[in-house]
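Q: I have a structure open and would like to go through it bit by bit. Can we start with the whole thing and then look at some strands?

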Amino acid sequence: MSKRYDVIVVGVGSMGSAACYHLARRGIKVLGLEQFSLAHELGAHHGQSRVIRLSFYPFAEYIPLLRRAYSLWEELETETDCGLFQVTGVVFMGPPESDLIRRAIDVSRKEELAYEIWDQAQLHQRFPQFHLPAGFQVFYDPQAGYLRPELAVAAQAKLAANLGAEIHSQEPVVEWHTDAEGVVVQTTRQKYEADHLILAGGAWSQQLLAELNLPLTVTRQVLAWYRPDDPQSFALGRFPIWFVEIQPGCGHYGFPLMEGNDGIKIALDKPGQVTSPEAIDRQVSQDDVEDLHEFLSNYIPAAAGELVSATVCLYTNSPDNHFIIDSHPEHDCVTVACGFSGHGFKFSSAVGEVLAELAVEGTTKIPLDFFGLGRLNA
C-alpha cells in the first residue's frame, strides 16, 4: 500500500534539502528522497566551501534571488549556529581587459553595492601573498563570503525532519508518473503518492526527466588542497577568498585555511571534461592537479606546497549556463529544478523557498521568466 504526502522532493542535495526545509516550515507533509547518503560526495554539493557574493556578474536577473538567499543564509546561521555562513570579503583579480571585473563593477554600480578597486600596491599591502603580472586590476567585494555546503545540506535536512518531514536516504527513485490524483513515485523500496512533485536531481536530472530530452551537460571538476609553507599567513582573516581570471571564461579560485583543513583550497573555473554520473572517473591523477600547482607556483608561491588532498565534483550545465526552474511543460503538478551550471549553491537557500512556493501556491514572488524551460526551445 502506498503512502501519501502533500509534496515529494526527489534529490535531497543543495536545492532539495532547502525545499524540504521550507515546505516543512509551512506545515506541509513532505517526503524527501535521496538515492545516496545525506550530504554525500558524489554530486555537486561537497568540497567544504563555496563562495557567495552579491556582485554576481553574469546577469542582474539573479540579484533578487541572491538578495533573498543572503537573508535566508543569515537566518539559517542564526538558527543553527554551526558556522555554515561567514561574510569575509572576496578579492577578484584579472588583466586590464578582464570581463569578470568589468561586469562585477557594472552590476555593483547598478545595484548600488559596496565595492573597492585596488591597485597592486594596495593589494600587496593587504595581501602580500599574491604575485600578479603587471597591469592586473583588483576588485574587492566586502559583502562576499563563504558557505559550508555539507553543513548546510545536513542542517536543512535535519531542520526539515524536526518539523515533521520524512527524509529517506539510500532510496533511489525507479520511476514516476502523474495520474488524476497527482503524482506517483516508485522507489527501490515502495510506492508513494503526492499532490506535487519537485525534481531536484542534480547530475541525475536527465534520467529523471528523460521525456524532456533536456540539453544538459555533466562535467568533471577537480578540487585540491595544498599545504602552504607558512600556514599562519594563509589563515582565515589573514588571507582572503579569491579569484584570478587568466583569460575570458577561465580562472582559478580558492579559499584560506579553514578549521579542520591542513591545506588551502584551489580549483579551476572553466568547462571540465564531459562525463556522466555513471561514467565519471573519480580518481584524481597527477595531470588533474598539475595546472593547479603550476598556478600556485606563479601567483601564490608560498602556498605551492605539498598536495594534501584532492577530489572531483560534478557540474550540471545548461546550454546558456543559466538555471532551469520551472513547471514541467506536460504536468502542472511537477516542478523542475536543474542545470545550475556550477554556480548554484550560493542561491540554494532561496531556490528552496521558491520551489516550496511553486509547489504549494503555484507562484512565487521571485521573477522566474529568465530561468524558464521555454528559452531552451527558443
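Q: What does the accessible surface of the protein come to, and what percentage of it belongs to carbon and sulfur atoms?
A: This is a predicted model. The accessible surface is about 15,800 Å², and carbon and sulfur atoms account for 47% of it.

Q: How many helices and strands are there in the protein?
A: The protein has nine helices and 20 strands. Its radius of gyration is 21 Å, close to the 21 Å that the globule rule gives for 378 residues, so it is as compact as a globular protein of that length.

Q: And what does the C-alpha trace span along its principal axes?
A: About 65 × 45 × 40 Å.

Q: What share of the residues count as buried?
A: Of the 378 residues, 55% do. As for contacts with a separation of 6 or more, 73% of them are between residues 24 or more positions apart.

Q: How many side chains are positive and how many negative?
A: There are 27 positive and 48 negative side chains. The centres of the two sets lie 3 Å apart.

Q: On to strands. Is β15 mostly covered or mostly open?
A: Strand β15, residues 250-254, is mostly covered, with five of its five residues buried.

Q: Which residues sit on which side of β15?
A: C250, H252 and G254 are on one side, and G251 and Y253 are on the other. Both faces are covered.

Q: What does β15 pair with on the β14 side, parallel or antiparallel?
A: β14, residues 241-247, pairs with β15 in the antiparallel sense over five bridges.

Q: Changing topic: how many residues of β20 are buried?
A: Seven of the eight residues in β20, which runs over 331-338, are buried.

Q: In which sense does β12 pair with β20?
A: In the parallel sense, over three bridges, with β12 made up of residues 191-199. T335 in β20 is the bridge partner of I198.

Q: What about β19 and β20, how do they run?
A: They run antiparallel, and five bridges join them, β19 being residues 324-328. S327 stands opposite T335. β19 and β20 form a hairpin with two residues between them.

Definitions and conventions: Residues are numbered from 1 along each chain as its sequence is written. This is a predicted model: local features need pLDDT of at least 70, side-chain atom pairs count only at pLDDT 80 or more; totals for chains, interfaces and linings use all residues. Side-chain values use heavy atoms; hydrogens and water are left out. Buried means under 20% relative accessible area, exposed over 50%, partly exposed in between (1.4 Å probe, protein chains only). Helices (H or I, at least four residues) and strands (E, at least two) are DSSP runs, numbered from the N terminus. Two strands pair if DSSP finds at least two bridges between them. The radius of gyration is taken over C-alpha atoms; the globule rule is 2.2 Å times the number of residues to the power 0.38. Contact means heavy atoms within 4.5 Å. Accessible areas come from the Shrake-Rupley method with a 1.4 Å probe; for residues, only the protein chains shown count as cover. Lys and Arg count as positive and Asp and Glu as negative; His and the chain ends are not counted. The place of a charge is taken as NZ of Lys, CZ of Arg, CG of Asp or CD of Glu.
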